[in-house]
Amino acid sequence: MDSLLHHIEKGGLPHHIAIIMDGNGRWAKRHNKPRVFGHQNGVKAVREVTEASAELGIKYLTLYAFSKENWRRPQAEVNTLMRLFVSTVSKELNTLNKNNIRLKAIGDLERLPKRTFEALKNAIESTSNNSQMTLILALNYSSRWEITEMTKSIADQVSSEKLGIEDINEEIINANLTTHAFPDPELMIRTSGEHRISNFLLWQLSYAELVFSDTLWPDFNREDLYSCILEYQRRERRFGMTGEQVVKS
Ligand code: IPE
Ligand code: IPE
Ligand code: MG
């Protein structure tokens with residue numbers, strides 16, 4: 001089969017792709033297996049999409065791995081996921097370094113189980129000098145939590161007179177979010193046919209193109225990624241302007 005890769009316009013790639021990896025549980029169900037089997041098989045898709053993105057020249061890839069709401073799941077599933085994060089991060093460390101990929105994480109990381117937090121911290125430190133791509137894991141992340149923390153931090157700076165109220169602008173808000181070091185995603189992909197944001201990067205996705213794929217996450221492969229990027233490249237991004245203005249510029 002002719003790869004969709006050849007149809008991608010290399011000059012028009014998003015710098016940052018964010019993905020809601022969804023559908024592991026339904027994938028497992030289809031295979032008559034417990035939900036955790038779906039999570040285990042989701043790791044393969046993470047590896048493939050990470051590699052394909054780095055090869056393409058995408059600079060930032062954010063993967064939503066665990067939301068604050070996901071603590072509501074059965075305890076056994078949560079425990080397995082936390083263990084899976086530890087083993088995956090440790091196992092993939094060599095590959096990340098080989099592929100020159102820097103690992104970062106956003107979310108309420110300190111409230112993760114200690115072993116998960118330590119494994120993550122270790123991988124972040126040991127990949128910190130890599131420069132081909134930054135892989136950002138959203139772990140124990142939720143956008144409303146992040147926005148609440150940002151508000152507290154700005155309020156604190158105002159009350160200690162480090163910042164005046166009139167100085168608060170979009171730049172200051174960005175600087176106080178967990179994503180302060182990364183550009184906003186231009187493309188957000190959600191797999192498994194669900195059409196919602198689920199508390200993911202509400203501020204940062206303001207002008208992102210949203211692309212929804214029916215593929216369940218464990219089946220999502222590099223061709224699916226290329227297909228989403230092609231869909232993104234077919235869109236006209238207007239940022240409030242008219243179509244005529246955008247075509248001219
Ligand atoms: C996404 O797959 C993985 C996580 C949220 C950790 P799900 O586990 O949500 O799979 P479905 O949506 O139940 O199929
Ligand atoms: C969103 O998926 C969170 C992650 C992919 C980590 P969910 O499957 O938890 O989302 P909802 O609850 O169905 O919206
Ligand atoms: Mg889901």
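Predicted model: local features only at pLDDT ≥ 70, side-chain atom pairs only at ≥ 80, totals over all residues.
Residues are numbered from 1 along each chain as its sequence is written, and ligands are numbered from 1 in the order in which they are written. Local features need pLDDT of at least 70, side-chain atom pairs count only at pLDDT 80 or more, and hydrogens and water are left out of side-chain values.

**View 1. Residues around ligand 1.** Residues with a heavy atom within 4 Å of the ligand are shown; among them are Met21, Asn24, Arg26, Arg35, His39 and Leu81. Polar contacts are pairs of N or O atoms within 3.5 Å. The side chain of Asp22 has an N or O atom 2.8 Å from a ligand 1 oxygen.

**View 2. Residues around ligand 2.** The surrounding residues include Ile20, Tyr64, Phe66, Ser67, Arg190 and Arg196. An oxygen atom of ligand 2 is 2.6 Å from an N or O atom in the Ser198 side chain. For Asn70, a polar side-chain atom is 2.9 Å from a ligand oxygen, and for Arg73 the value is 3.3 Å.

**View 3. Helices H2 and H7.** Helices are DSSP runs (H or I, at least four residues), numbered from the N terminus. The axes, lines fitted to C-alpha atoms over the stretch in contact, of H2 (residues 35-56) and H7 (residues 222-234) come within 9 Å and cross at roughly 50°. Residues in contact (heavy atoms within 4.5 Å) include Val49, Ala52 and Leu56 of H2 and Leu225, Tyr226 and Ile229 of H7.

Technical notes
Axes fitted to C-alpha atoms, helices over the stretch in contact; angles between N-to-C directions. Helix = DSSP H or I, 4+ residues; strand = E, 2+ residues; numbered from the N terminus. Polar contact = N/O pair within 3.5 Å; in protein donor to acceptor, adjacent residues only side chain to side chain.
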